Amino acid sequence: MNNPSAGPSSKTKVGSSQSSETSFKRKRGVFQKDLQHMMYGFGDDPNPFPETVALVEDIVVEYVTDMVHKAQDIASKRGKLLTEDFLFLIRKDLPKLNRCTELLSMNEELKQARKAFEVDEEKLASTE
């Protein structure tokens with residue numbers, strides 16, 4: 001009996017996100033393959049129902065859009081959107097904050113490694 005009561009409420013939620021989706025004219029299914037792989041990685045079926053993937057995509061897009069709008073509101077005082085604005089928004093969610101800072105530091109390390117590799121490659125090309 002829980003499933004029928006959960007079904008209409010989730011359908012209502014999907015319908016409300018679809019109405020906001022039409023105002024943004026977003027392409028559906030852009031993240032479908034990535035979400036299927038992520039869902040499988042978190043214990044779902046290797047081939048989840050398309051409706052489930054569409055619902056998860058709607059939720060993710062709505063969350064990201066909401067975060068971007070909030071970050072833009074914070075950054076409007078400065079006039080420039082920075083990564084620190086997003087870190088400020090998630091400051092109370094420590095697992096998210098720690099993961100974001102870890103990914104940002106890894107990104108910096110990768111940038112430095114690429115830069116060092118390009119410099120070494122240029123030196124080799126100039127000596128030959």
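Predicted model: local features only at pLDDT ≥ 70, side-chain atom pairs only at ≥ 80, totals over all residues.

Colleague: Where do Lys111 and Glu108 lie?

Modeller: Both are in helix H5 (residues 94-127), three residues apart, about one turn of the helix. Helices are DSSP runs of H or I with at least four residues, strands are runs of E with at least two, and numbering goes from the N terminus.

Colleague: And is Lys111 buried or exposed, or in between?

Modeller: Lys111 is partly exposed at 44% relative accessible area, and Glu108 is partly exposed too, at 41%. The cut-offs are under 20% for buried and over 50% for exposed, with partly exposed in between (1.4 Å probe, protein chains only).

Colleague: What does Lys70 pair with?

Modeller: Asp66, with a closest N to O distance of 3.4 Å. Lys70 and Asp66 are four residues apart in helix H3 (residues 50-75), so about one helical turn separates them. Lys70 has 40% relative accessible area, partly exposed, and Asp66 is partly exposed at 37%.

Colleague: Which residue does Arg78 bridge to?

Modeller: Asp85, at 2.5 Å from N to O. Asp85 is buried, with a relative accessible area of 3%, whereas Arg78 is partly exposed at 47%.

Colleague: Switching topic: which residues gather in the patch of negative charge?

Modeller: Glu118, Asp120, Glu121 and Glu122, on the surface. A patch takes residues with over 30% relative accessible area and no salt bridge, joining like charges within 9 Å and nonpolar side chains (Val, Leu, Ile, Met, Phe, Trp, Tyr) within 5 Å. Lys and Arg count as positive and Asp and Glu as negative, leaving out His and the chain ends. Each charge is placed at NZ of Lys, CZ of Arg, CG of Asp or CD of Glu. As for Glu121, that residue sits in helix H5 and is partly exposed at 47%.

Colleague: Now Val56: what does it touch?

Modeller: Leu35 and Met39, if you skip residues up to four places away in sequence; contact means heavy atoms within 4.5 Å. Val56 lies in helix H3 and is partly exposed, at 26% relative accessibility. Val56 and Leu35 are 21 residues apart in sequence, and 7.7 Å apart from C-alpha to C-alpha.

Colleague: Zooming out, how many helices and strands does the chain have?

Modeller: Five helices and zero strands, so to speak α-α-α-α-α from the N terminus on.

Colleague: What share of the residues is buried?

Modeller: 14% of the 128 residues. The accessible surface comes to about 10,500 Å², with 60% of that belonging to carbon and sulfur atoms; those areas come from the Shrake-Rupley method with a 1.4 Å probe, and for residues only the protein chains shown count as cover.

Colleague: And what about contacts between residues 24 or more positions apart?

Modeller: They account for 34% of the chain's contacts with a separation of 6 or more.

Key
Residues numbered from 1 in each chain as written. Heavy atoms only, no water. Salt bridge = Lys/Arg side-chain N within 4 Å of Asp/Glu carboxyl O.
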